[in-house]
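Let's walk through this model together, one neighbourhood at a time. Please keep the viewer open as you read.

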Amino acid sequence: MTPLLEICGLHVEVEGREILRGLDLEIPLGETHAVMGPNGSGKSTLAHVIAGREGYEITKGIIRYGGEDVSELEPEERARKGVFLAFQYPVEIPGVNNTYFLKAAVNEIRKHRGQPELDAVDFLSLMRDRVKLLDFDEDLIKRPVNEGFSGGEKKRNEILQMTVLEPTLAVLDETDSGLDIDALRIVAEGVNRMRSPERSFLVITHYQRLLNHIVPDRVHVLQEGRIVESGGSGLALRLEAEGYGKAAAVTA
Amino acid sequence: MRETAAVEAHYRDEIPVRQGDPFAVRRTEAIREFFRAGGFPTATLEDWRFSDLDGLGRTAYRRYSDVPTLVPAQTDELPGWVGDFGCRVLLSEGHPLNADEFQNRNGLEVGNLPAIPAADEPHDWGFVAPGEEPGGTEADLDAPLRHPLEILNAGLFECGFRVRVGRSQDAGPILLYSLRHDVGHPAMLHPRSVIELAAGSRLTVVEAHDGASETAGWTNPSTLCRVGENAELFYVRVELESGNIAHTGRVTFQLARNARVRSTVLSLTDGKSRTDTAAILTEEGAEVDLEGLFLGVDAAKADQHTLAIHAARHTTSRQLFKNVLSDEATAVFDGKVVVAPGAIGTDASQANRNLLLSQKAAVHTRPRLEINADDVKCAHGAAIGRLDEDALFYLRSRGLGRMDSHEILVRGFAGEVVEKVPVAAVRSLAKDGLTRVRESRSFAA
């Protein structure tokens with residue numbers, strides 16, 4: 001069976017600097033994979049290039065999603081096909097109401113799927129339901145997107161958006177950074193509730209801590225722009241104990 | 001010299017002649033004063049450097065005839081939003097279309113005054129006697145009324161409109177809507193309005209200037225608002241004129257003790273405009289918010305001049321002017337705050353924020369502070385930027401298209417001013433303006 005996400009020999013340049021250098025990664029549908037790596041190894045670049053950020057130039061290699069080459073697709077086209085990126089640094093958007101923004105996004109995606117658009121009443125009841133599950137302050141959804149949110153509230157807002165948009169592939173870019181242990185647990189529960197045979201997750205993280213709560217099917221080690229080691233969930237524990245230096249030595 | 005004399009003679013001949021006009025002599029004096037003080041301002045003057053209205057003095061504008069282009073029966077030809085107002089003054093070429101509808105109830109008096117009552121004093125209509133400005137550091141509280149084009153308006157105004165709200169009454173919203181047409185010759189229009197709020201009263205008023213013209217046109221309205229003790233005024237100004245019309249308008253607020261004014265100037269013109277907004281905080285506790293939004297497309301140009309004079313203790317002024325500029329649109333912001341000697345406890349802030357959507361759009365911004373007292377708080381800032389790439393990617397990564405994402409960010413930027421406008425019809429005009437921005441050549445290019 002074709003993997004949901006298939007990345008082959010990917011080279012990516014950002015502002016003329018090569019960040020990813022021949023990265024290979026496959027995530028079958030229904031699986032949760034973690035990518036771990038030290039600072040500067042290319043983790044965030046991987047997240048952004050999957051989501052289609054401009055300025056991330058693919059010089060070699062290919063990204064297939066659902067068997068289709070999506071390397072040239074605009075970010076919105078990928079989102080409509082079910083790709084979601086939870087940002088490491090969610091952007092504050094003054095003057096744009098959270099609910100308004102999310103309703104526009106949901107309906108854009110529903111339109112693409114051939115589903116009828118949600119009206120205000122249906123959308124609000126959907127939001128209320130998800131807000132409660134994530135222990136999210138209901139006042140925040142009436143405020144401008146991420147404006148004045150604490151670090152933890154921003155991250156929870158990312159997960160809230162994910163649960164409302166119901167993607168097929170969710171990429172979580174260092175969602176654990178800046179979270180205290182309670183917030184981490186709430187975010188992890190939100191993700192675990194969404195795990196299903198019809199959905200895959202790519203969890204990108206620096207620390208093993210998050211993976212105690214979101215237990216991955218596979219763990220990959222990213223170093224200097226390439227996957228240098230892959231294994232089961234035990235690999236994360238070993239990395240935590242031994243550090244990234246050891247993994248580099250294995251490939252040397 | 002002879003040339004100037006000829007221009008002066010031309011405008012003296014354009015003074016409207018009304019039977020029983022108690023200001024007939026004053027009008028002639030005003031024209032004389034205007035030309036004695038230098039006549040039409042040009043870009044060589046500091047205060048008019050970016051206004052680009054040199055053409056004004058070179059065109060021999062004439063009054064409209066005494067017959068409006070529209071007749072009262074044609075009010076259904078007015079734009080639909082005008083119908084949202086229960087109380088409205090509709091003008092065509094400066095002539096009232098619906099004088100019979102003017103309401104004088106619930107303490108609200110709306111007057112159409114082609115002939116000014118003989119009992120009125122020049123001061124009632126904002127005339128200031130020509131004379132010396134106060135010397136030294138003393139603040140000139142009449143400075144806005146000495147504006148050269150204000151003086152010219154005093155000489156040439158066709159109709160006077162007066163709105164009065166009685167003590168402790170709550171009135172409005174009321175619409176003052178002025179529409180002009182192209183009559184084939186360079187025509188000028190000088191509407192003059194006086195709005196008076198008695199102590200403890202409240203009023204929402206919308207002043208709108210509309211019309212299109214291929215032939216050169218000039219609109220030069222003056223509005224004076226006197227806001228009494230503890231009274232509250234919401235003032236909204238909408239500039240909708242298009243084509244070859246130059247707009248030079250002024251609104252002046254005089255605030256008594258604990259009076260409050262919230263003013264929004266919405267520039268939706270595709271021509272050239274210069275608007276001077278002035279607030280004179282004459283007594284303790286007065287508070288004013290001056291806001292503005294220009295949505296510029298094509299070669300539109302809006303020049304916003306503001307002046308806040310803090311003449312008493314513990315007065316507050318907040319200014320927020322925003323510009324969204326596409327294509328070759330140009331914005332000017334020249335904001336001045338004057339703190340008079342002894343005006344301790346003044347709290348003044350001023351912000352000018354600009355969003356440039358095109359390489360060719362331009363903005364000139366100049367904050368000016370004149371502080372002559374101790375123990376005051378004055379803040380100002382200006383920002384010029386483009387749409388945030390991170391925010392665009394964020395929206396697009398959620399499935400929103402490129403154009404839609406640009407539009408959402410522009411609406412968010414404009415919303416800070418638009419959402420505070422207390423009249424739905426005006427907010428929807430702003431939305432139409434945002435649609436024009438979206439449809440402009442440079443948008444998301």
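## Strands, cores and a helix

In chain B, E7(B) and E10(B) run parallel and are joined by 9 bridges. Helices (H or I, at least four residues) and strands (E, at least two) are DSSP runs, numbered from the N terminus, and two strands pair if DSSP finds at least two bridges between them. This is a predicted model, in which local features need pLDDT of at least 70 and side-chain atom pairs count only at pLDDT 80 or more, while totals for chains, interfaces and linings use all residues. Residues are numbered from 1 along each chain as its sequence is written, chains are lettered from A and ligands numbered from 1 in the order in which they are written, and side-chain values use heavy atoms, with hydrogens and water left out.

Buried here means under 20% relative accessible area, with a 1.4 Å probe and protein chains only. E7(B) also pairs with strand E2 (residues 87-92) of chain B. Over in chain A, strand E11 (residues 218-223) is mostly covered too, with 5 of its 6 residues buried. The pairings compare like this:

| Strands | Sense | Bridges | One bridge pair |
|---|---|---|---|
| E7(B) and E10(B) | parallel | 9 bridges | B:Asp170 and B:Arg202 |
| E2(B) and E7(B) | parallel | 6 bridges | B:Ser92 and B:Leu179 |
| E11(A) and E12(A) | antiparallel | 5 bridges | A:Leu222 and A:Ile227 |

The hairpin of E11(A) and E12(A) has 2 residues between the strands, and A:Glu224 takes a positive phi near 45° there.

Back to chain B: which residues have the most contacts inside the largest nonpolar core? They are B:Trp81 and B:Val238, in a core of 128 residues. Such a core is a set of buried Ala, Val, Leu, Ile, Met, Phe, Trp, Tyr and Cys residues joined through side-chain atoms within 4.5 Å. A second, separate core has 33 residues, including B:Cys87 and B:Phe321. Leaving aside residues up to four places away in sequence, B:Trp81 touches (heavy atoms within 4.5 Å) B:Leu175, B:Tyr177, B:Ala208, B:Leu240, B:Ala425 and B:Leu429.

B:Ala425 and B:Leu429 are among the buried residues of H7(B). What covers the buried residues of this helix includes strand E10 (202-219) and helix H6 (402-418) of chain B.

Technical notes:
Buried < 20%, exposed > 50% of the residue type's maximum accessible area, 1.4 Å probe, protein only.
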